[in-house]
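Here is a friendly briefing to read alongside your model. Keep the sequence and the viewer open as you go.

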Amino acid sequence: MIRKIFNTTLALVVLLSASSCNKWLDLQPQDGITKQEFWKTKEDVKAALTGIYSSLVGGSVEERIFTWGELRGDMVTLTLSASEDYKQVRNSNILSTNSVSDWGSVYTVINNCNLLIDFAGEAKALDPTFTDALYNDYVGEALTIRSWMYFYLVRAFRDVPLKLKGSYKDGDIVEIGKTPAADVIKQILADLNKAKTMVPHQVGSGAQVNKGRITRYAVFSLLADVYLWNEQYQEAVTAADSVLVNPDFKLINNSGGWFNTVFATGSSAETIFELNHQASVSNIFYEMLVASKKPYTTSEFVATEIFEPNTQVGAELVDGRSAFYSSSDIVKYTRDNPNFTNFQVYRVSDLMLIKAEALNQLGGTANGDEALNLVKKIRTAREALAATEPDNIDGDDIEGIDQFILAERAREFAFEGKRWFDLLRFAKRDNYANLSILTDLVSKISDTKVQQSAINKIKDSNSHYFPILETELFADQKLVQNPFYLN
């Protein structure tokens, strides 16, 4: 599949440059464009960048974001309509033929980014109106999106092929094997630190454009997330502060119509970056979460523990975030069909919780107190319940604050494709000091008859990452399977 992906032509990323190019999020790719006909003007590069955004929405990339982040977590469960491949993942019985391991659509986006990065300079040399600022903006956005895709890959697969040059003809296809995860992260950080100097704070006029495209604030958000994953806590705090310093990003109170403003309408003051479906292609979440043959529904754990109700005082109160699920449907992306609700990638609450987690890991009472304050600001805005407020927790309680943050992330980002990655990040910290997070997880989500087997498997850190599909191994003889799946 990777060979096939890298053989994609410019037709996969190029849009009609003669069309109304200011409609960034409302264009579709066209076939039949070759390199000889393209990369001659700034409009060509702009059209290619629009094509990159188009390749992110309404299809398998969003499906991968959700599935890789939720299927192995504890907030969803499977319906009778779920595929056998999904069921095997839940039972920690993943084979190298499992379709969940298909990374094809993600590498397609990466190749689209590579092509722009490679050839934007040629257009700039030919077009005297192509300014340095515009060139930096377009290339910086492509660098960031490529980094975002690699960040998903490295968290889902660990060691992955790292290809930084685009392929548009057969001669570009080479067998490259895998790159160690640490080196992929190093490349991601280098690219993001470059991009943060290239992309402006605003890339266009209007909220929809500046929320649906990469801005400098989106670059810093991804940087903070990567630093947190990489246990570089001071760097994570600094990157988060580069976003939080902007007063234009602010929490919207539940009483102020938070759900409708952030999710149903989109492009809100709380949003930093979203995949924008408004007046464009519909997203895929109706079929996944609401339709009669949906594969996913909410787990019992969501109602009983994540959104535990008050029992003694205020039993009638609800956490504003618990409206995202019903008895059978996950309605965070509405019940409409077709569904045009935007997919939130980073919101200001994410940066607040990233900062809180990093501060807590840095240690010290002052950092712990600040971390708690950040969490409580979010809880106040969402009208969180007393039942989910831990007792007797203070700034010195690193472990207690850790668990508070993890639970709050579950409430705040329910069904947003983050849960498994959060659990894995907490578990692997300090050389898997918290492996019990994962053993407890599989004991909850796996079928009773395979529960002990699943617990034994999850104790091997290699099992925390997906296998490489057999078709990929056949196509690239330099690829080596994840060691857990060799037997």
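What pLDDT does the chain average, and what share of the residues score at least 70? The chain averages a pLDDT (the predictor's confidence in each residue, from 0 to 100) of 90, and 91% of the residues score at least 70. This is a predicted model, in which local features need pLDDT of at least 70 and side-chain atom pairs count only at pLDDT 80 or more, while totals for chains, interfaces and linings use all residues. Residues are numbered from 1 along each chain as its sequence is written, and side-chain values use heavy atoms, with hydrogens and water left out.

**Confidence**

- Over residues 6-33 the pLDDT is below 50.
- Beyond near neighbours in sequence, this stretch has 72 contacts in the model, where a contact means heavy atoms within 4.5 Å.

**Strands**

- Helices (H or I, at least four residues) and strands (E, at least two) are DSSP runs, numbered from the N terminus.
- Strand β2 covers residues 271-275, and five of its five residues are buried, so the strand is largely enclosed by the rest of the structure.
- Buried here means under 20% relative accessible area and exposed means over 50%, with partly exposed in between (1.4 Å probe, protein chains only).
- β2 and β4 run antiparallel and are joined by four bridges; two strands pair if DSSP finds at least two bridges between them.
- Across this pairing, Phe 273 stands opposite Tyr 346 in β4.

**A buried threonine**

- Thr 50 sits in helix α2, which spans residues 42-56.
- Its relative accessibility is 2%, so Thr 50 counts as buried.
- A polar atom of the Thr 50 side chain lies 2.8 Å from the backbone oxygen of Lys 46.

**Backbone details to look at**

- Asn 337 and Pro 338 are joined by a cis peptide bond, with omega about 0°.
- Pro 338 is found in the loop between α13 (300-306) and β4 (343-347).
- Asn 392 is not a glycine, yet its phi is positive, near 50°.
- Asn 392 is placed in the loop between α15 (365-382) and α16 (398-412), and it counts as exposed because its relative accessibility is 78%.
- Asn 431 also has a positive phi, of about 60°, although it is not a glycine.
- Asn 431 lies in helix α17 (residues 419-432), and its relative accessible area of 73% makes it exposed.

How values were computed
A polar contact is a pair of N or O atoms within 3.5 Å; within protein, one must be able to donate a hydrogen and the other to accept it, and residues adjacent in sequence count only if both atoms are side-chain atoms.
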